[in-house]
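Keep the structure open while you read.

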Amino acid sequence: MSVKPKKHLGQHFLRDVQVAQRIAYAVEPEYRNHILEIGPGTGVLTQYLQEIAQKLTLVELDSESVEYLQSQPSTADLPILHTDFLKLDLQNLESEELTIAGNFPYNISSQILFHVLDHISLVPHLVGMFQKEVAERVAAPHGNKTYGILSVLVQAYYHVEYLFTVPPGVFDPPPAVHSGVMKMTRYRTTLPGVESKFFARVVKAGFNQRRKTLRNSLKAILLEKNKTDHAFLSLRAEQLSVEDFISLTKWLSDE
């Protein structure tokens, strides 16, 4: 008889099948060719992803969860990568593109998004459950107090839609906070006239001192690039849209 895995690694196991079904069915039909599920745990979401995916691969770090999934008739034949997603090179999966899905561990959810951004060309779509404030932050428009680094970097490449809020009671054990499910759909893989690493550097510098104007928070970059005057420099980072940040970065890049 198989024993369900213990709860650790920041994971709260989803036990509500209706929520799991809503998450799985939120994956757009055109992105169901190969789905990579992060942190399947006991497989509650997995069963619905199996229904829609042409191919489903699981990524699970917890040994007990891996053993449990391998012991269940419904998941025993699924490919399971017993590894840390953050250390996984998606190019090694021999798939042209992957949709990422999952009930993501809260303690690495932001890092998961940064890892996805490192593989933009391979990940056209993501549907996942995050801590509510993280999902809201990623989806936030400019001018919003939660708008920040993740908002700009993700929205520069993906359309983001906050789908629905999930209460603590649908998890085992219940977390101390609400969760939020969001969907990301890629609309470009490169930025017009801008190098992606420099763009990320400008965005991070702008928000690292978000109460200051960009003239102050970008002081080091302005000196390095020998730039002095731009209309955006009198504003704070949260006042700039994604396209504004792209324009600012292009100006900083121009010789």
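A cavity is a set of grid points where a 1.4 Å probe fits but cannot get out, and its lining residues have an atom within 4 Å of such a point. Keep in mind that this is a predicted model.

Rolling a probe the size of a water molecule over the atoms shows where empty space is left. Here the count comes to one cavity of 30 Å³ or more. The largest cavity holds about 70 Å³ of space. Its lining has 13 residues. Nearest the centre of the largest cavity are L14, G39, P40, L45 and N103. Sorted by class, this lining has seven polar, five nonpolar and one charged residues.

Now turn to open space. The largest pocket has a volume of about 300 Å³. Look for L117, D118, Y157, S196 and A200, which lie nearest the centre of this pocket. They are among the 15 residues that line it. Two elements, α4 (109-117) and α7 (196-208), each give two or more residues to the lining. Which of the elements gives the most to the lining of the largest pocket? It is α7, with five residues. By class, the pocket lining has nine nonpolar, three polar and three charged residues.

In soluble globular proteins, nonpolar side chains tend to be buried together. The largest nonpolar core in this model has 56 residues. Its largest share, seven residues, comes from α7. Within this core, F85, F199, F245 and L248 touch the most other members. Take F85 as an example. Leaving out residues up to four places away in sequence, F85 touches L36, I38, V59, L90, I100, I112, H115 and V116. Another core lies apart from the largest one. That other core has 29 residues, including A26, V27, A101 and F164.

Finish with the neighbouring strand in the pairing. Strand β3 (residues 55-59) runs parallel to β2, and five bridges join the two. Within this pairing, E37 stands opposite L58 in β3.

Conventions: Residues are numbered from 1 along each chain as its sequence is written. This is a predicted model: local features need pLDDT of at least 70, side-chain atom pairs count only at pLDDT 80 or more; totals for chains, interfaces and linings use all residues. Side-chain values use heavy atoms; hydrogens and water are left out. On a 1 Å grid over the protein atoms alone, a cavity is a set of points where a 1.4 Å probe fits but cannot get out, and a pocket is an open set with protein on both sides within 12 Å along at least five of seven lines; lining residues have an atom within 4 Å of a point. Grid points are joined across faces, edges and corners, and a volume is the space filled by probe spheres set on the points. Helices (H or I, at least four residues) and strands (E, at least two) are DSSP runs, numbered from the N terminus. Ala, Val, Leu, Ile, Met, Phe, Trp, Tyr, Cys and Pro count as nonpolar, Asp, Glu, Lys and Arg as charged, and the others, Gly among them, as polar. A nonpolar core is a set of buried Ala, Val, Leu, Ile, Met, Phe, Trp, Tyr and Cys residues joined through side-chain atoms within 4.5 Å. Buried means under 20% relative accessible area, exposed over 50%, partly exposed in between (1.4 Å probe, protein chains only). Contact means heavy atoms within 4.5 Å. Two strands pair if DSSP finds at least two bridges between them.
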